[in-house]
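This report describes the fold, the aromatic contacts and selected residues of one protein model. The sequence and structure are shown first.

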Amino acid sequence: VLAGEQKHFSLEYPCDAPDRGRWFAMEVFQPMGNDVGAIISHTDITERKWTAEKLSNANQKLRLHFEQAPMGFIEWDLDFRVTAWNPAAETIFGYTHEEALGQHATFIVPETFRPQVDGVMDALLSKSGGERSSNANVSKDGTPILCEWYNTALIDKNGKVVGVASVVMDITERTEALQLLDWEKNALETIVSSKKLPEVLRSVTLTLEKQLPDALCSILLLD
């Protein structure tokens with residue numbers, strides 16, 4: 001600046017006090033209408049630096065949570081197209097982040113269940129519901145799965161919905177395990193309450209057909 005090669009120079013630098021850390025911003029510039037000399041100012045920016053550091057740490061923790069959480073985190077725009085897709089969502093649905101970005105929500109919903117999902121979307125955008133639902137979904141390889149969804153409409157300071165954030169869990173195995181426990185309970189009650197073996201076998205077999213369609217099962221009788 002003094003040599004006239006540039007008119008302005010700035011630098012942020014630490015300058016610690018005995019009892020605390022401090023940051024300052026130095027600015028050097030030529031006086032208007034005067035090419036000789038320079039004006040130098042030093043401004044205490046400690047609070048701004050600390051605020052920026054806290055915000056950076058919070059964003060880093062949020063990013064780690066997004067990437068490492070066992071639940072799927074998905075963000076949608078107002079057209080319900082994917083704008084964010086974390087690794088857990090990749091595991092649940094089989095689509096990579098690159099494959100999922102820009103896809104409409106229907107790409108993970110069986111066709112027969114799309115009207116139900118459309119209703120959830122409409123309710124979220126109108127702020128009239130849709131926060132929680134259990135939906136039939138489908139993975140990339142066509143495997144049907146059951147998922148539990150927790151949805152939040154993202155609202156700006158003017159009260160306008162600008163997107164939707166979803167947390168999703170694959171509850172297929174948990175649901176099947178509960179159904180199997182329920183079948184075992186009913187089968188045991190049938191066995192205890194029935195006196196005739198054919199009646200017991202008929203009831204258990206019918207229940208098995210409903211619980212495990214197209215499955216090959218056997219019943220072992222012991223005296």
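The account below moves from the overall composition to individual residues.

This is a predicted model, in which local features require pLDDT of at least 70 and side-chain atom pairs count only at pLDDT 80 or more, whereas totals for chains, interfaces and linings use all residues. Residues are numbered from 1 along each chain as its sequence is written, and side-chain values rest on heavy atoms, with hydrogens and water left out.

**Overall composition**

The protein contains 6 helices and 8 strands; helices (H or I, at least four residues) and strands (E, at least two) are DSSP runs, numbered from the N terminus. Along the sequence, these elements follow the pattern β-β-β-α-β-β-α-α-α-β-β-β-α-α. Of the 223 residues in the protein, 28% are buried; buried denotes under 20% relative accessible area, exposed over 50%, and partly exposed the range in between (1.4 Å probe, protein chains only). The protein exposes about 15400 Å², and carbon and sulfur atoms supply 56% of this area, as computed by the Shrake-Rupley method with a 1.4 Å probe. Contacts are defined by heavy atoms within 4.5 Å. Among those between residues at least 6 apart in sequence, 35% join residues at least 24 apart.

**The three-stranded sheet**

An open sheet of 3 strands has the order S1-S2-S3 with antiparallel pairing, where pairing requires at least two DSSP bridges between two strands. Strand S1 (8–14) and strand S3 (39–44) are the edge strands; each has a single partner strand, so one side of each lacks a neighbour in the sheet. Neighbouring strands of this sheet are turned by 15° against each other on average, direction ignored, with axes taken as lines fitted to C-alpha atoms.

Strand S2 (residues 23–29) pairs with S3 in the antiparallel sense over 6 bridges, and Val28 stands opposite Ile40 in S3. Ser41 also lies in strand S3 and is partly exposed, with a relative accessible area of 24%. Leaving aside residues up to four places away in sequence, Ser41 touches Ala25, Met26 and Glu27. The C-alpha atoms of Ser41 and Phe29, 12 residues apart along the chain, are separated by 9.0 Å.

**Aromatic contacts**

The structure holds 6 aromatic pairs; rings of Phe, Tyr and Trp (its six-membered ring) pair if their centres lie within 6.5 Å, with planes under 30 degrees apart classed as stacked, over 60 as edge-to-face and the rest as tilted. The rings of Trp85 and Phe107 have centres 5.7 Å apart and planes at 45°, so this pair is tilted. The pair links distant parts of the chain, 22 residues apart: Trp85 belongs to strand S5 (residues 82–85), and Phe107 to the loop between helix H3 (97–100) and helix H4 (114–125). Trp85, Phe93, Tyr95, Phe107 and Trp149 form one aromatic cluster.

Elsewhere, the charged end of Lys49 sits over the ring of Trp23, 4.4 Å from its centre; the criterion is NZ of Lys or CZ of Arg within 6 Å of the ring centre and within 35 degrees of the ring normal.

**Positive phi and accessibility**

Most residues other than glycine have a negative phi. Phe80, in the loop between strand S4 (72–76) and S5, has a positive phi of about 55° although it is not a glycine. Lys127 has a positive phi of about 55° and is likewise not a glycine; Lys127 is placed in the loop between H4 and strand S6 (132–138).

| Residue | Relative accessibility | Class |
|---|---|---|
| Trp85 | 2% | buried |
| Phe80 | 5% | buried |
| Phe107 | 14% | buried |
| Lys127 | 48% | partly exposed |

How values were computed:
Axes are lines fitted to C-alpha atoms, for helices over the stretch in contact, and angles run from 0 to 180 degrees between N-to-C directions.
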